[in-house]
Amino acid sequence: SGGGVGPDGGRGGSAVYTWEEVQKHCHRSDQWLVIDRKVYNITQWAKRHPGGIRVISHFAGEDATDAFVAFHPDPNFVRKFLKPLLIGELAPTEPSQDHGKNAVMVQDFQALRDRVEKEGLLRARPLFFSLYLGHIVLLEALALGLLWVWGTSWSLTLLCSLMLATSQSQAGWLQHDYGHLSVCKTSSWNHVLHKFVIGHLKGASANWWNHRHFQHHAKPNVFSKDPDVNSLHVFVLGDKQPVEYGIKKLKYMPYHHQHQYFFLIGPPLVIPVFFTIQIFQTMFSQRNWVDLAWAMTFYLRFFCCYYPFFGFFGSVALISFVRFLESHWFVWVTQMNHLPMEIDHERHQDWLTMQLSATCNIEQSTFNDWFSGHLNFQIEHHLFPTMPRHNYHMVAPLVRALCEKHGLPYQVKTLQKAIIDVVGSLKKSGDLWLDAYLHK
């Protein structure tokens, strides 16, 4: 294949390339990717990518077609940004997929994606999300009204904290919907409302969340690409990492007890300590003043509401306790779908296989839907991240049928089993580490 046609080295998209050539361009300073057989040089663009530099860089040297379609609700709008980056296409003799992926499986999934779009399953019902936002605001108002009418006894303060933790958790699931552009017809409205929900209702940063969360969706449970499995040496996860740590005699923590110390540093600390520090660090270091201003409106409103009842330190104690409660809710719901699944280094799987090896579902019920923000349909959410959550149950049978056809495991658990499996998988990984540490 030619390295380019004409004196411009093939710019403007006239050159043809092999997969072997494309795969060489996977370094921080030199990044190509393929979408629909067209080859793009994204080296400079990655820094300006609205979804963050990391998520697009994770596909350098790879076929990014399915991820591109999954993340962008309006592909035609995005294509005008792609045009100037086009440098050529794959040679006619090259397969459409890289790394020997199953072409039939990829085509079947793309056909399902087309069907989902045709049947209107990517269109949101505004009433659903309006009522959802309403129940969050109502909880906030009731929590305040409770203190206003009956005072601040210990029992009422506890009840107020539980109501606030519920509204914070539910606002967490709602901001997730806006972050995925799955509510409004236009991206810009989704972005504005996302900043309102995560900023004003929760005191966090939309950019921080998106740049972190899109990576998780692009490469779930892939070490060094999914920030959710970057446990900073505190835990060893999956079947491979514990053995690698054990062989290298790495013992930053007593990993064979990680299923026990998880209860001390996982659920209680993720939101009040780890996320809070990370969010403010990110907003200041990236000079993200818009998100900072939104977050400040949350704290301003919170202190205006609760200072008259509890004073300054009492209000700080209240928000800390609410974050502590919310953190347990958040950690168990987000981990139960992913932690007991396969966690590995980059394996270059197709979109369908990669998402199914990293995710499982929890049984459907009215309570489970509400409790998990419909993330009990984690498989469907991962395959179609821009789909509004009230449609997951409609696409689930189609996804299950596709998995059966290709022999992919489609796991559904009870809520109780899913939570127990989180602890079980941590214990299993810890035991693998101990065995490798002592004997290999």
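1. Leucine 434 counts as partly exposed, at 27% relative accessibility; on this scale, buried means under 20% relative accessible area, exposed means over 50%, and partly exposed lies in between (1.4 Å probe, protein chains only). Leucine 434 is placed in helix H18. Helices (H or I, at least four residues) and strands (E, at least two) are DSSP runs, numbered from the N terminus. Between the C-alpha atoms of leucine 434 and cysteine 403, which are 31 residues apart along the chain, the separation is 35 Å.

2. The model is a predicted one, in which local features need pLDDT of at least 70 and side-chain atom pairs count only at pLDDT 80 or more, while totals for chains, interfaces and linings use all residues. Residues are numbered from 1 along each chain as its sequence is written, and side-chain values use heavy atoms, with hydrogens and water left out.

3. Isoleucine 419 also belongs to helix H18. Its relative accessible area is 28%, so isoleucine 419 is partly exposed. Apart from neighbours within four places in sequence, isoleucine 419 is in contact with Trp332 and Met336, where contact means heavy atoms within 4.5 Å. Tryptophan 351 is 68 residues from isoleucine 419 along the chain, and their C-alpha atoms are separated by 26 Å.

4. Helix H18 (415-439) also has a part in covering another helix: it is included in what covers the buried residues of H10. Within H10 (residues 240-247), the buried residues are Gln241, Pro242, Val243, Tyr245 and Gly246. Lysine 249 follows H10 and has a positive phi, near 60°.

5. Two further residues deserve attention for their backbone angles. Most residues other than glycine have a negative phi. Arginine 37, although not a glycine, has a positive phi of about 70°. Arginine 37 sits in the loop between strand S3 (30-35) and strand S4 (38-41), and is partly exposed because its relative accessible area is 23%.

6. Asparagine 221, likewise a residue other than glycine, has a positive phi near 60°. It is found in the loop between helix H9 (206-218) and H10. Is asparagine 221 buried or exposed? With a relative accessible area of 3%, asparagine 221 is buried. Not counting residues up to four places away in sequence, asparagine 221 touches Asp226, Val229, His338, Met341, Glu342, Ile343, Asp344 and Ala358. Glutamate 62 lies 159 residues from asparagine 221 in sequence, and the two are 18 Å apart in space, C-alpha to C-alpha.

7. Aspartate 177 is part of helix H7 (residues 154-179). Its relative accessibility is 3%, and therefore aspartate 177 counts as buried. When neighbours within four places in sequence are left aside, the contacts of aspartate 177 are Phe129, Ser182, Val183 and Arg389.

8. On the cysteines, a search of the whole structure finds zero disulfides, a disulfide being a pair of cysteine sulfur atoms within 2.5 Å. Cysteine 305 is accordingly in no disulfide, with the sulfur of cysteine 304 as its nearest cysteine sulfur. Cysteine 304 counts as exposed, at 59% relative accessibility, whereas cysteine 305 is partly exposed, at 24%.

9. As to the whole fold, the protein has 18 helices and seven strands. Its radius of gyration is 23 Å, close to the 22 Å that the globule rule gives for 440 residues, so the protein is as compact as a globular protein of that length. The radius is taken over C-alpha atoms, and the rule is 2.2 Å times the number of residues to the power 0.38. Along the principal axes, the C-alpha atoms fill a box of roughly 80 × 55 × 45 Å.

10. Of the 440 residues, 52% count as buried. Among contacts between residues at least 6 apart in sequence, 70% join residues at least 24 apart. The protein exposes about 20600 Å², of which carbon and sulfur atoms supply 64%; accessible areas come from the Shrake-Rupley method with a 1.4 Å probe, and for residues only the protein chains shown count as cover.

11. The mean positions of the 39 positive and 35 negative charges are 5 Å apart. Lys and Arg count as positive and Asp and Glu as negative, with His and the chain ends not counted. Each charge is placed at NZ of Lys, CZ of Arg, CG of Asp or CD of Glu.
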